[in-house]
Every structure is written in structure tokens, then in C-alpha cells.
Amino acid sequence: MQNLEGRVGVVTGAASGIGRSMAEKFSQEGMSLVLADIEEAALQEVVSGIDASGGDAIGVVTDVSSKQAIENLATETMDTFGAVHVLHNNAGVVAAGLLEDLTTNDWEWTIGVNLWSMIYGIQTFLPLIKEAGEGHIVNTSSSEGLQASAGTGAYNVTKFGIIALTETLSNELKSFPDINASVLCPGPVQSRIIESERNRPEKLWNDGVPAAGLVDNEQSSDLLAGAMDPAHVAGQVVQSIKENRFWIITHDDTKEVVRQRTEALLKDGSLSASLYDFTE
Ligand code: NAI
């Protein structure tokens, strides 16, 4: 899709961080937008900002881990704009902990928001994008989809899964030259990701209490302090859609770790060092 003007886009996790910047960038490109998030007030703020700058957006409060909610999102999109061209599956959360400590609730929450959401998104929206005849699906993975740091195992599993899902999607779209897919693998980006627990539903709390912190250690704070501006990420995503690039790797150190990992794998089957350690 070289021209996004007049096209309809859906962005999940649009109330904050990367999703919010995507919404603003897509709007600057002249798209009509359906913005989905579980945080109603923050979502409304983004919609109002886009309206105030002359854009066209609606907000749909959505828990992306629910198939019914994703189906409702599609219905709202079709009822409002009559078509959909771009889907950015972006909402995500992180639960911190060693594999031996992560609970079934931690896994269910993370897999639901990060991975089932994208499966439901493809099931629900791909037929609609095919109806439109042209489009693009972007799925947000992570540098943790290309290597797996200690301390965020459930997150890493979902992010590897998103790469498999998106690669499969791209391969299955070979006979649809006007519909394509990209996977976004950001390194550290300024956002509220380390405060993910704010959105964990009560039924998935551990021992009946909300977790206070998450990846709350010195390394994660340092990482996010020097992190990339999400507006820069949004620019890279839009460029990649226009140039039909599959991999959107925002940070050079992610590319370097992929190179080292592949070299070690081919050379002697060893595992090269990971980028981060969230247990320290
Ligand atoms: P963020 O926390 O600022 O934004 C995430 C948004 O998702 C929030 O608006 C939140 O309300 C929403 N959300 C959470 N649970 C939801 C649910 N069940 N249904 C609907 N919306 C829900 O974080 P950020 O960083 O902007 O995250 C966006 C994506 O980027 C995530 O998939 C994350 O894993 C990924 N990512 C972020 C990196 C970073 O350093 N910020 C690095 C690599 C990947």
C-alpha cells in the first residue's frame, strides 16, 4: 500500500505508547481510524486529540483477549466506515518472573492479550481486508521475539509466537499481491509497558491481589529512560507498509544479536548471549 490516504485502519493498544503514536501517524497520513484499547479514558483522549487536529477516528473499548470483543471491533469498524484496509495488532503486556515462578494466571493473561488477540484479529479482519481488495496487517512482536532474555518467559513465548504467526500469514498471502504483512520488533521504546499490571483483570490476579510491580528493576528503568520515541517507531512502520517490508527492526543492537545468534547456531549449536537480563 503506497498511499494510505482515505484508507481505514484499526489499531489495538491505541491509548498509550506505540499504539498512540501509530494512531497519530496514520491520521497524519489521511486514514480514518478505529482505535481500540481497554483503558477508556486514555483512549478517549487520543480520539479527541485526533478529532481536534482534523482527523477522523472513533474509539472502541476492547479487551483484545476476548474473541467476542474483537468481533465487536470489526462490526463497529464496518458499521462506521464500511471497509477496513490496515490492521495493527499492537496491544501487549508483560508479566515478570522466572519460569519456575510465573503462575498459570501470568501465562493466561500474557498469552491472552499478546497472542490470542492477534489470532482473533487475523481470523476476524483478514476476510474483511480481502473484501476491500488491498491492505496490510502489522503485528507488534519485540526484540524478545528474536532472542529470549531471562525474567520475561511468558512474554518471550508470545513474542516468538507472533513472529511465527506473521511469517505464516505473509506466506499464505503470496497469492494476494495487494495484501501484505509486517512484524514489528521494537527494542526499548518510551511507553507504559513496565506498568502493564494496571490492566490485569482481577480474575487473573495472583493470590487475589494485584501485582505491585513488573519488570521493576534497575535495568528496565535504565532501558526505558534512554528508550526510543514511539513517534519514530510509527514513522518506521508507515514507511515499511509503503515499501512492503516484512521485518521492522527498530534498533541496530537487535540486528546484531540476530547475527550473533545465527552464527553461533550454525557454528557449534551454542546459544549466544541475550540482549537483556530482567532478573538482575
Ligand atoms: P503501553 O503500556 O504504553 O501500551 C499498551 C496499550 O495496550 C495500553 O494502552 C494498554 O491499555 C493496552 N492494553 C493492555 N491490555 C489490553 C487489553 N487486554 N485489551 C486492549 N488493550 C490493552 O506499552 P507499549 O510499549 O506501547 O506496548 C505496545 C506494544 O509494543 C506491546 O505489544 C509491547 O509488547 C510492544 N513492545 C514494546 C516495547 C517497549 O519498549 N515499549 C519493546 C518491544 C515491544
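Q: How many helices and strands are there in the chain?
A: The structure is a predicted model. One of the helices is helix 8, which covers residues 252–268, and one of the strands is strand 2, which covers residues 32–37. In the chain there are eight helices and seven strands.

Q: What percentage of the 280 residues is buried?
A: A residue counts as buried when its relative accessible area is under 20%. The chain as a whole exposes about 12500 Å², of which carbon and sulfur atoms supply 49%. Among the 280 residues, the buried share is 50%.

Q: What share of the contacts with a separation of 6 or more is made by residues 24 or more positions apart?
A: Contact requires heavy atoms within 4.5 Å. Of the contacts in the chain with a separation of 6 or more, the share from residues 24 or more positions apart is 71%.

Q: Which residues are the closest to the ligand?
A: The ligand is surrounded by 31 residues. The shell divides into 13 nonpolar, 12 polar and six charged residues. The closest are Ser16, Asp37, Asn90, Tyr155 and Ser191.

Q: How much of the area that the ligand exposes when taken alone does the protein bury?
A: Taken alone, the ligand exposes 830 Å². The share of this area that the protein buries is 97%.

Q: Which elements give two or more residues to the shell around the ligand?
A: The shell includes residues of the nonpolar, polar and charged classes. The elements that give two or more residues to it are helix 1 (17–28) and helix 5 (153–172).

Q: Is His136 buried or exposed?
A: His136 lies in strand 5, residues 135–140. Beyond its neighbours up to four places away in sequence, His136 touches Met1, His85, Val86, Leu87, Asn180, Ala181, Ser182, Ile241 and Asn244. Its relative accessibility is 0%, so His136 counts as buried.

Q: With which side chain does the side chain of Ser32 make a polar contact?
A: Ser32 lies in strand 2 and counts as buried at 14% relative accessibility. Apart from neighbours within four places in sequence, Ser32 is in contact with Arg7, Val8, Gly9, Asp56 and Phe81. The polar contact, at 3.2 Å, is with the side chain of Asp56.

Q: Which side chain does a polar contact of 2.7 Å join to that of Glu29?
A: Glu29 is in the loop between helix 1 and strand 2, and is buried with a relative accessible area of 18%. Not counting residues up to four places away in sequence, Glu29 touches Leu4, Glu5, Val238 and Lys242. The side chain joined to Glu29 by the polar contact of 2.7 Å is that of Lys242.

Q: Which residues is Asp253 in contact with, leaving aside its neighbours within four places in sequence?
A: Asp253 is in helix 8 and is partly exposed, with a relative accessible area of 35%. Asp253 and Ser196 are 57 residues apart in sequence, with 24 Å between their C-alpha atoms. The contacts of Asp253 are with Leu275 and Tyr276.

Q: What phi does Asp207 have?
A: Most residues other than glycine have a negative phi. Asp207 is in the loop between strand 6 (179–185) and helix 6 (218–225), and counts as exposed at 78% relative accessibility. Although Asp207 is not a glycine, its phi is positive, at about 55 degrees.

Q: What phi does Asn244 have?
A: Asn244 is found in the loop between helix 7 (230–242) and strand 7 (247–249). Asn244 is partly exposed, with a relative accessible area of 38%. Although Asn244 is not a glycine, its phi is positive, at about 50 degrees.

How values were computed
Residues are numbered from 1 along each chain as its sequence is written. This is a predicted model: local features need pLDDT of at least 70, side-chain atom pairs count only at pLDDT 80 or more; totals for chains, interfaces and linings use all residues. Side-chain values use heavy atoms; hydrogens and water are left out. A residue is near a molecule or strand if one of its heavy atoms lies within 4 Å of it. Accessible areas come from the Shrake-Rupley method with a 1.4 Å probe; for residues, only the protein chains shown count as cover. Helices (H or I, at least four residues) and strands (E, at least two) are DSSP runs, numbered from the N terminus. Ala, Val, Leu, Ile, Met, Phe, Trp, Tyr, Cys and Pro count as nonpolar, Asp, Glu, Lys and Arg as charged, and the others, Gly among them, as polar. Buried means under 20% relative accessible area, exposed over 50%, partly exposed in between (1.4 Å probe, protein chains only). A polar contact is a pair of N or O atoms within 3.5 Å; within protein, one must be able to donate a hydrogen and the other to accept it, and residues adjacent in sequence count only if both atoms are side-chain atoms.
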